[in-house]
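Please load the sequence and the coordinates before reading on.

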Amino acid sequence: MNDQFQLSRNSFGHLVLIAASGEMHDHVSPVRAFPIQTPDEGISMVLQDGREVAWIAKLNELPESVRVLVNEELEGREFMPEIQQILSVTSYATPCTWNVKTDRGDTAFVLKGEEDIRRIGRNSLLIADNHGIHFLVRDMFEIDKHSRKILDRFL
């Protein structure tokens, strides 16, 4: 499924994929195979029923026009702010409010319990707030010293 394909939007804003064979698939969606470890590799283009119609090995190898459409669709479907710095926490007991700097701006969220912090792989963390929004710490060993100290208290 590594064949080239064309991608466009129809009048309703849905993605339309035309396979190398000429077969047209309406309302396709990109789905990342490994959204945290390798977000730009292994992306499946699937129909609404979940059937895969194309595979993207590496996003950066696509033509720019196709890459832009795939990225737009992924950004519209996925919302996982990446924590760059933990500015403060109201308490080291839960529930507590975390004030953080993310790649999407500064925000505050309530951590209900320590069980809402999950390890993803060796270095990454996924933190769920009281509304179910997931925040990503891509590499807890690369985050600043103050933030790491706070994380250590909850891990």
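Strand β6 (residues 83-89) is joined to β7 by 5 bridges, and the two run antiparallel. Strands here, like helices, are DSSP runs numbered from the N terminus, with at least two residues (E) for a strand and at least four (H or I) for a helix. Two strands count as paired if DSSP finds at least two bridges between them. The model is predicted, so local features are taken only at pLDDT of at least 70 and side-chain atom pairs only at pLDDT 80 or more, while totals for chains, interfaces and linings use all residues. Residues are numbered from 1 along each chain as its sequence is written, and side-chain values use heavy atoms, with hydrogens and water left out.

β6 and β7 form a hairpin, with 6 residues between them. The loop between these strands contains Pro95, and the peptide bond from Thr94 to Pro95 is cis, with omega near 0 degrees. Most residues other than glycine have a negative phi, and most peptide bonds are trans.

On its other pairing, β7 runs antiparallel to strand β8 (residues 105-111) over 7 bridges. Cys96 stands opposite Leu111 of β8. These two strands also form a hairpin, with 2 residues between them.

Which residues of β7 (residues 96-102) lie on the covered face, and which on the uncovered one? Cys96, Trp98, Val100 and Thr102 make up the covered face, and Thr97, Asn99 and Lys101 the uncovered one. In a regular strand the side chains alternate between the two faces of the sheet.

Contact means heavy atoms within 4.5 Å. Neighbours within four places in sequence aside, Ile150 is in contact with Ile86, Ser88, Val89 and Tyr92. Ile86 is 64 residues from Ile150 in sequence, yet their C-alpha atoms are 7.6 Å apart in space. Ile150 is buried, its relative accessible area being 2%.

β3 and β4 pair in the antiparallel sense over 4 bridges, and among the residues facing each other are Pro30 and, in β4, Met45. Strand β3 (residues 24-32) also holds His27. The phi of His27 is near 65 degrees, a positive value in a residue other than glycine. With a relative accessibility of 22%, His27 counts as partly exposed.

β4 is joined in turn to strand β5 (residues 52-58) by 5 bridges, again antiparallel. Glu41 stands opposite Lys58 in β5. The hairpin of β4 and β5 has 5 residues between the strands, and within this hairpin Gly50 takes a positive phi near 95 degrees.

Why is β4 described as largely enclosed by the rest of the structure? The reason is that 5 of its 6 residues are buried. Gly42 belongs to β4 (residues 41-46), and at 7% relative accessibility Gly42 counts as buried. Apart from neighbours within four places in sequence, Gly42 is in contact with Val31, Arg32, Ala33, Phe34, Trp55, Ile56 and Ala57. By contrast, the C-alpha atoms of Gly42 and Asp103, 61 residues apart along the chain, are separated by 23 Å.

The protein has 2 helices and 11 strands, arranged along the sequence as β-β-β-β-β-α-β-β-β-β-β-β-α. Its radius of gyration is 19 Å, well over the 15 Å that the globule rule gives for 155 residues, so the protein is more spread out than a compact globule. That radius is taken over C-alpha atoms, and the rule is 2.2 Å times the number of residues to the power 0.38. Along the principal axes, the C-alpha atoms fill a box of roughly 60 × 30 × 25 Å.

Of the 155 residues, 37% are buried. Among contacts with a separation of 6 or more, 34% are between residues 24 or more positions apart.

Definitions and conventions:
Buried < 20%, exposed > 50% of the residue type's maximum accessible area, 1.4 Å probe, protein only.
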